[in-house]
Each structure stands twice: as structure tokens, then as C-alpha cells.
Amino acid sequence: MAEPKTIGILGGMGPAATVDLFDKLVRATDAATDQDHLRILIDNNPRIPNRNDAIAGRGPSPVPALIAGARGLEREGADCILISCNTAHFFAPEIGAALSIPILNMIEATVDATKARGVKRAGVMAGTGCIDAQLYQNALERAGIEPVTHDPEEQKRMMALIYRIKGGDMASASRAEARALAAVLIARGAEAIIAGCTEAPLVLFQRDISIPLLNSTDILVERAIAFASA
């Protein structure tokens with residue numbers, strides 16, 4: 001039997017989302033002993049410049065730091081790269097061009113899972129950079145799915161919620177705001193909600209909404225384990 005592949009996580013975006021990704025990889029692995037688990041390398045670098053600001057033209061590019069981190073993971077033996085931030089996938093083509101190993105794309109995996117469920121209208125809860133760059137909207141439309149998004153004022157609330165979560169606030173008020181923002185998209189006809197920011201699943205759970213919640217972290221974990229085990 002072939003040795004499982006090694007997974008590299010380009011993390012720190014944010015740290016709690018990186019921990020969540022690692023935790024879910026461990027929990028989803030079919031393992032009876034330590035030795036049954038996958039080798040996972042993590043570069044948890046919270047100094048990577050703000051992706052939303054870079055996309056908006058208000059801050060420095062995160063690309064040099066992202067490439068440096070990904071190359072470091074490759075040098076240490078990673079066979080693939082996972083990026084712990086949906087918005088950072090805006091820069092995935094530049095990162096991928098600097099590597100000889102694949103990036104397992106979280107957005108592509110999530111849209112594939114959405115299509116497989118037969119969803120026709122998908123609500124997207126994501127950071128402003130991700131929304132402004134049309135990352136999910138374009139991918140969903142290519143798959144024949146209509147994206148449902150927040151209006152500008154609601155998107156400001158979504159971004160404020162993300163920064164609260166990044167600051168460690170996952171209390172009841174943050175969970176209530178996540179439910180309210182999901183409810184807006186459901187009222188607009190969404191048949192499923194995509195948690196398209198890796199902070200969102202830290203405060204929004206399937207029990208909170210009446211339609212399917214497609215957690216981009218969970219979906220990436222499934223793809224990564226399949227890749228590593230192939």
C-alpha cells in the first residue's frame with residue numbers, strides 16, 4: 001500500500017480558522033493509532049498582509065508572503081497545499097505558478113459540492129474581498145448556480161462579524177448575527193448557504209438554519225483526505 005501523501009496548510013488567515021481546519025482533518029481521518037493519521041505541515045503565519053485590503057487596493061500584496069509560505073511547505077515535504085482562507089484564493093494562480101505541487105482549491109471544491117446537491121440558488125456568506133472579487137459568484141455561475149449575496153450594508157455587517165470572530169468573539173451575540181445574516185439570504189430564495197469564509201463555521205452551524213449549510217472547511221477536508229489517500 002502506498003504511503004499517504006503529506007498535506008501542507010498555508011495558515012494564519014486567521015489562526016482560529018487554521019486550528020479548525022487542522023482539527024477537522026484529524027477528526028475526519030479513519031485512524032485507530034497515531035501512525036494511521038496523515039502527516040500535516042502547518043505554516044501558521046498571521047503576519048500575512050490583509051487579503052481584503054489588498055484586493056481593494058488599500059494595502060500591500062500578500063502574494064510574496066503566501067508564496068514564501070507555500071514554498072516552505074513544499075520544501076518540507078508537502079504534496080499539496082491547503083489555504084485556510086477563502087479570500088486568499090484570489091491569489092491562488094500566482095501561488096500555484098510558483099509551486100510544483102497542487103493547491104487544492106477550497107472554492108472549486110465547495111462549488112462542486114453545491115452542484116452535486118442539486119442546488120440552484122446558493123447564498124454566499126463571505127468576506128468583502130471574496131465578494132468583491134466575485135470568487136464564489138463566478139464559480140457558481142459557471143456551474144449553473146445562481147449566487148445570492150448580501151447588499152452593501154449587510155456585507156459591512158458580515159465583515160464586522162468576521163473581524164469579531166478573528167478577535168476571539170464567538171459568544172451568543174456573534175452567533176445571533178451569523179444566524180440573522182444567513183436568514184437574509186434564505187429570505188431571498190437561497191436553497192443552501194455556503195459558509196464561504198473560514199471564520200463563519202466557527203459561529204454558524206447546521207442546526208441554526210433550515211436549509212443545507214455547506215461548510216467550505218469541511219468540504220476542503222474531504223477533498224484533502226481523498227487526495228492524500230489516493
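**Close-up views of a helix pair and a parallel sheet**

**View 1. Crossing of helices α8 and α9 in the predicted model.** Helix α8 (residues 152-166) and helix α9 (residues 172-187) have axes that come within 10 Å and cross at roughly 150°. Angles over 145 degrees count as roughly antiparallel, and α8 and α9 are therefore roughly antiparallel to each other. Their crossing is left-handed.

**View 2. Residues in the contact between α8 and α9.** On the α8 side, the contact is made by E154, R157, M158, L161 and R164. Helix α9 contributes A173, S174, E177, A178, A180, L181 and V184. By residue class, the contact of α8 with α9 divides into seven nonpolar, one polar and four charged residues.

**View 3. The open sheet of four strands.** The strands are arranged in the order β5-β4-β6-β7, and their pairing is parallel. Strands β5 (146-148) and β7 (213-215) form the edges, each pairing on one side only. Between neighbouring strands of this sheet the turn is 30° on average, direction ignored.

**View 4. Pairing of strands β6 and β7.** Strand β6 (residues 192-195) pairs with β7 in the parallel sense, over three bridges. The bridge partner of I193 in β7 is L213.

**View 5. Packing of helix α9 on the sheet.** Helix α9 packs on the sheet and touches β4 (121-125), β5 and β6. The direction of α9 makes about 150° with that of β4.

Technical notes: Residues numbered from 1 in each chain as written. Predicted model: local features only at pLDDT ≥ 70, side-chain atom pairs only at ≥ 80, totals over all residues. Heavy atoms only, no water. Axes fitted to C-alpha atoms, helices over the stretch in contact; angles between N-to-C directions. Helix = DSSP H or I, 4+ residues; strand = E, 2+ residues; numbered from the N terminus. Parallel < 35°, antiparallel > 145°, perpendicular 65-115°, else oblique. Left-handed = near helix turned anticlockwise from the far one by under 90°. Contact = heavy atoms within 4.5 Å. Nonpolar A, V, L, I, M, F, W, Y, C, P; charged D, E, K, R; others polar. Pairing = 2+ DSSP bridges.
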